[in-house]
Amino acid sequence: MRGCWSLPPSNINKFMERTSCLRHLRLKGTVAFTLIELLVVIAIIAILAGLLLPALAKAKVAALTTQCLNNKKQMAIACEMYSGDNRNYLVPNGNLGSADYDKTWCSGLGVNWASQQANTNAEVYRSALLGPFLNGQVKVYGCPADNIPSDNGIRIRSVSMNGNMGAAYYPPPPAAIGDGAYNKGWRVYVKASDLTNPKPGDAFIFCDESMATMNDGFLQMGLNGHDYPDIPAAYHGKRGNCFSFADGHGEKRVWVEKNLPFTGNGLGLINVPYKYNYTLPGGHWTTAGLDRDWNWLTNRTSAKKGP
């Protein structure tokens with residue numbers, strides 16, 4: 001009696017032939033890439049990546065710039081609200097060594113590369129003079145492109161205030177055309193109504209300061225000496241900064257000077273190092289009258305005293 005799985009000899013031969021044929025077809029249908037084909041594919045991928053990555057990088061810079069400009073506009077609006085509630089006074093400004101620094105727009109301690117409390121403590125900014133007019137929002141104090149952390153984390157604040165603005169505490173007694181502690185012969189501004197030269201649309205209030213000089217919230221310009229005692233940052237695409245102006249608008253400035261024709265460390269704002277723990281030796285980044293970026297900033301910082 002045959003088993004239920006046994007086959008006649010003729011059928012077994014046919015089964016073996018079919019199995020051999022199928023195996024042959026499978027082997028015949030196998031496809032393999034040659035080394036040249038693989039190299040061509042890799043080259044095409046490299047070319048596409050080379051075309052796409054710069055576009056993606058530009059898109060990222062544009063997105064961060066838009067966010068930074070929105071932050072600056074919110075700060076400008078907060079300043080207008082402060083002036084409206086405080087008899088037209090600009091929100092007070094001051095350097096870290098002044099007796100009234102705890103009564104300024106950002107208050108508290110300065111920021112640094114180490115573990116300064118104000119690097120990451122949001123309450124420092126919520127309790128400062130400008131805090132209530134920002135509804136407790138602290139992200140607006142930072143530039144999203146300032147992304148190298150200090151020892152205790154990413155800093156809340158990247159922004160500093162024009163050193164000639166908010167001069168309520170400056171010696172001598174406040175006067176719209178009086179000298180401040182810096183930049184003798186240039187105007188300082190106590191009230192919003194003092195902004196007649198430059199006009200509100202041409203007078204910057206806030207910008208991002210480079211960590212090469214960052215400490216307090218007071219951005220000092222060397223209006224008489226062609227230098228940067230405090231350095232405006234170049235965070236956006238390694239050559240841009242976002243500003244807020246007294247009329248409430250925000251503006252991006254792309255620095256243009258890279259290699260100036262003179263000796264010294266002043267090679268334009270683009271070349272100021274931005275790396276962990278770098279602070280500028282000597283505290284000044286020198287420049288010259290040929291510096292178009294310095295001239296642009298000077299015209300929007302203050303005006304010389306006059307009749």
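**Figure 1. The second largest pocket has a volume of about 190 Å³.** In this predicted model, residues are numbered from 1 along each chain as its sequence is written, and local features need pLDDT of at least 70, side-chain atom pairs count only at pLDDT 80 or more, while totals for chains, interfaces and linings use all residues. Side-chain values use heavy atoms, with hydrogens and water left out. The lining here includes Gln67, Asn71, Val138, Lys139, Gly142, Cys143 and Pro144. Asp146, Ile154, Arg155, Ile156 and Ser158 also line this pocket. Sorted by type, the lining has 5 nonpolar, 4 polar and 3 charged residues. (A pocket is an open set of points on a 1 Å grid over the protein atoms alone, where a 1.4 Å probe fits, with protein on both sides within 12 Å along at least five of seven lines; lining residues have an atom within 4 Å of a point. Points are joined across faces, edges and corners, and volume is the space filled by probe spheres set on them.)

**Figure 2. Now for the largest pocket, at about 370 Å³.** This one is lined by 20 residues. Nearest its centre you'll find Ala145, Ala234, Tyr235, Lys238 and Tyr274. The lining splits into 13 nonpolar, 5 polar and 2 charged residues. (Ala, Val, Leu, Ile, Met, Phe, Trp, Tyr, Cys and Pro count as nonpolar, Asp, Glu, Lys and Arg as charged, and the others, Gly among them, as polar.)

**Figure 3. Cysteine 68 and cysteine 143 don't form a disulfide.** The structure holds 0 disulfides, a disulfide being a pair of cysteine sulfur atoms within 2.5 Å. For cysteine 68, the nearest cysteine sulfur belongs to cysteine 143 and sits 3.9 Å away. Looked at from the other end, the nearest cysteine sulfur to that of cysteine 143 is that of cysteine 68. Cysteine 68 is buried, at 0% relative accessible area. Cysteine 143 counts as buried too, at 5%. (Buried means under 20% relative accessible area, exposed over 50%, partly exposed in between, with a 1.4 Å probe and protein chains only.)

**Figure 4. Serine 107 sits in the loop between helix H2 (35-85) and helix H3 (117-120).** With a relative accessible area of 11%, serine 107 is buried. Skip its neighbours within four places in sequence, and serine 107 is in contact (heavy atoms within 4.5 Å) with Tyr101, Asp102, Val124 and Ala128. (Helices, H or I with at least four residues, and strands, E with at least two, are DSSP runs numbered from the N terminus.)

**Figure 5. Two asparagines have a positive phi.** Asparagine 88 shows a phi of about 75°, even though it isn't a glycine. You'll find asparagine 88 in the loop between H2 and H3, where it is partly exposed at 30% relative accessible area. Asparagine 135 has a phi near 55°. Its loop runs between helix H4 (122-126) and S1, and asparagine 135 counts as exposed at 68% relative accessibility.

**Figure 6. A cis peptide bond links asparagine 197 to proline 198.** Omega for this bond is near -5°. Proline 198 has its place in the loop between strand S1 (159-162) and strand S2 (204-208). Zoom out, and the chain has 5 helices and 7 strands, following the pattern α-α-α-α-β-β-β-β-β-β-β-α along the sequence. Of its 307 residues, 42% are buried.
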